[in-house]
There are 2 protein chains.
Amino acid sequence: MDRKALDKLLPFVLKRNNVAYYEDGIVYIGDRRKYPFEKVFLRCNDVEDVARAIEDMVTQGGGPYVAAAFAMVMAAKKVEGKPVNEIFDYLRKAKIRLTNTRPTNTAMAQRLDDMLKIAETAGKEGQSIEEKLLDWIRETDDKIYTDYEYRARLGASLVNDGDGILTMCFAETAFILAMAFAMQDGKKIQVFTPETRPYLQGARLTAPSLHELDIPVQIITDNMPAYVMSQGKIQKYFTAADLITLDGHVCNKIGTFQNAIAAHHHGIPYFVFMWGADHKSPDRASIEIENRDPAEIRACRGIPTTIDEIDAYYPAFDITPPYMVSGVITVHGILSPYDLKRHFTKA
Amino acid sequence: MDRKALDKLLPFVLKRNNVAYYEDGIVYIGDRRKYPFEKVFLRCNDVEDVARAIEDMVTQGGGPYVAAAFAMVMAAKKVEGKPVNEIFDYLRKAKIRLTNTRPTNTAMAQRLDDMLKIAETAGKEGQSIEEKLLDWIRETDDKIYTDYEYRARLGASLVNDGDGILTMCFAETAFILAMAFAMQDGKKIQVFTPETRPYLQGARLTAPSLHELDIPVQIITDNMPAYVMSQGKIQKYFTAADLITLDGHVCNKIGTFQNAIAAHHHGIPYFVFMWGADHKSPDRASIEIENRDPAEIRACRGIPTTIDEIDAYYPAFDITPPYMVSGVITVHGILSPYDLKRHFTKA
């Protein structure tokens, strides 16, 4: 399926230009903080604007990479015509600033490294860095969506007619497409989406996206998955992952691990979509968990949930050990979490 | 410790008159929906007002019983001087209306039955039903608080110096007192309180109550307990229970079961405070789980968390099986969940 045909299948927030786009030196990011209540874009005039937008959760999941990639193009545009050393220095700083916005998002870090290399080659050869980076983004995007489709087909193959499906946070394109393909294949499904506090990605992104595609979905609060499982309403658990270590530990949005324990307890298999491997993350100890501002735990959509004096704790991600993972859905197939090293270690 | 001395130890929401009180035919209920942002009381002029207040979550936990007991007094006051049959008929209807507000709250149902008997005896003997019921409430209150103190001392005895404690929802007087006694005994503790969506009892009631007593507490979201456990920060898990069946199944606020699975997984003991036994609830199958309005899942403190078209599911309670319960803290001591029948079956 080509990129345009896939784009038609996707819900609003996941369509190509709704994630982020670049126009005449400006980056526009689809504001996922405001979706589904408003469909608006945040205008970013420089790399710092984009970095802050990512830090402020304007976009998340696969979004930060797209926004950051266009920020690199914007950076190249800003220093066009300057001496090559100055350009590279500027781009390197831009990359560091953008990478630092999400220490756990190693996919983004890796791709921005690739962009830096493209830029250096283009610069040395006297080509337009802006154009070369935009070409690279388009090619990479095509590759990413070919991979999404492949993994989504694998995901759909794991779904049986009548299945109840649990997910967590916003597992984005691979998951949403997998559910769409399962429905196209004539399977009846019911998705349960925990709201995913504190940012409500489940309530605000996953549920409206599935609903837009006419996929039956019910929101639950984050304390409900185990009970819904105990009622026999869930047969599969699917999530994305911010990163999966080469020894099979899954780092994803806080709550993923708690649901995995409950799934394991109820004999429900857990499948995770893997974007690729991060060679700086061989094992659990190599994962840096981001602690976010505790004030975010004391509020919901800007409304206080308690009084300011109360202390709070906000680890943004958690880690699920490989023995709780039934299958890792990759471009190499549905792998055992114990076999990732063989498939993802560069020859 | 007498009732007044205990009252001084308790935080605002749990002090005797702050739960609910009766004055000249009117019931005033401490409005826990507004706490800790406002400290206000809802004025109830008749039984229907009280019933609706309970349904609308103005009070919860032990609160509905106190409000309902005063509603029975109010009902008696309303029909004072009427023919005895008319009085009894009115009180019976009041009891049914009040009991129906919370199908899982069997403690309340049982006590309102007792009040009906007191009223009938007083009525037949020509005594003031209002006075007799108020006397009964005072005596019952003294007994309830003696029991709270006893169970809180048992709870405190289970806490070790340096323990991290997880709780869920608002485990009220027994739990709050247990933590206070543990601190008085010189034990350093750190409580973690899941916010308890959708009504945020953890964030709004438990955390401010502990904070008021200078007990260290951190709020987390409901998707975090397992991760906090995996960090080694939690040594004990304590909750209250809406009801515990005679075969040891714990019915409590949704999320209690999910935390219990995570605790079991991490080898953390789970202790539950038991108010007493409900002989209409011998086993799991006898528990009726209340499904509340799905619209409540789509909002947080009145602010929408998603769009109205999205379907939601709201089971308000869950059930934890006895093999996950390390001890049931009762007036008969810390019991095995498998030994309740022997202690609580009437001779």
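In the predicted model, in which local features need pLDDT of at least 70, side-chain atom pairs count only at pLDDT 80 or more, and totals for chains, interfaces and linings use all residues, 60 residues of chain A are in contact with 60 residues of chain B, contact meaning heavy atoms within 4.5 Å. Residues are numbered from 1 along each chain as its sequence is written, chains are lettered from A in the order in which they are written, and side-chain values use heavy atoms, with hydrogens and water left out.

The area buried between chain A and chain B is about 4,800 Å², with 65% of it given by carbon and sulfur atoms; buried area is the accessible area (1.4 Å probe) that two parts lose on being put together, summed over both. Two salt bridges are counted between the chains, a salt bridge being a side-chain nitrogen of Lys or Arg within 4 Å of a carboxyl oxygen of Asp or Glu, and the side chains of R197(B) and E195(A) meet in a salt bridge at 2.7 Å, N to O. Helix 11 of chain A provides the largest share of the side of chain A that touches chain B, with six residues, helices being DSSP runs (H or I) of at least four residues, numbered from the N terminus.

Chain A can be laid on chain B by a turn of 180° and a shift of 0.0 Å along the axis, with an RMSD of 0.0 Å, the copies being superposed by least squares on the C-alpha atoms of residues with pLDDT of at least 70 in both. That is the relation of a two-fold axis. In chain A, the C-alpha nearest the axis is that of D222(A), at 2.8 Å from it, and the same surface serves both copies, since 100% of the contact residues of chain A recur in chain B.

Within chain A, the domain assignment, which is automatic or from a database, gives domain 1 (3-146) and domain 2 (159-344). The contact between these domains takes 30 residues from domain 1 of chain A and 30 residues from domain 2 of chain A, and about 2,500 Å² is buried between them, 59% of it on carbon and sulfur atoms. In domain 1 of chain A, L9(A), M57(A) and T104(A) lose the most area to domain 2 of chain A, together 24% of what that side buries. The count between the two domains is one salt bridge, and R32(A) forms a salt bridge with E172(A), in which the closest N and O atoms are 3.6 Å apart.

Methods: Helices (H or I, at least four residues) and strands (E, at least two) are DSSP runs, numbered from the N terminus.
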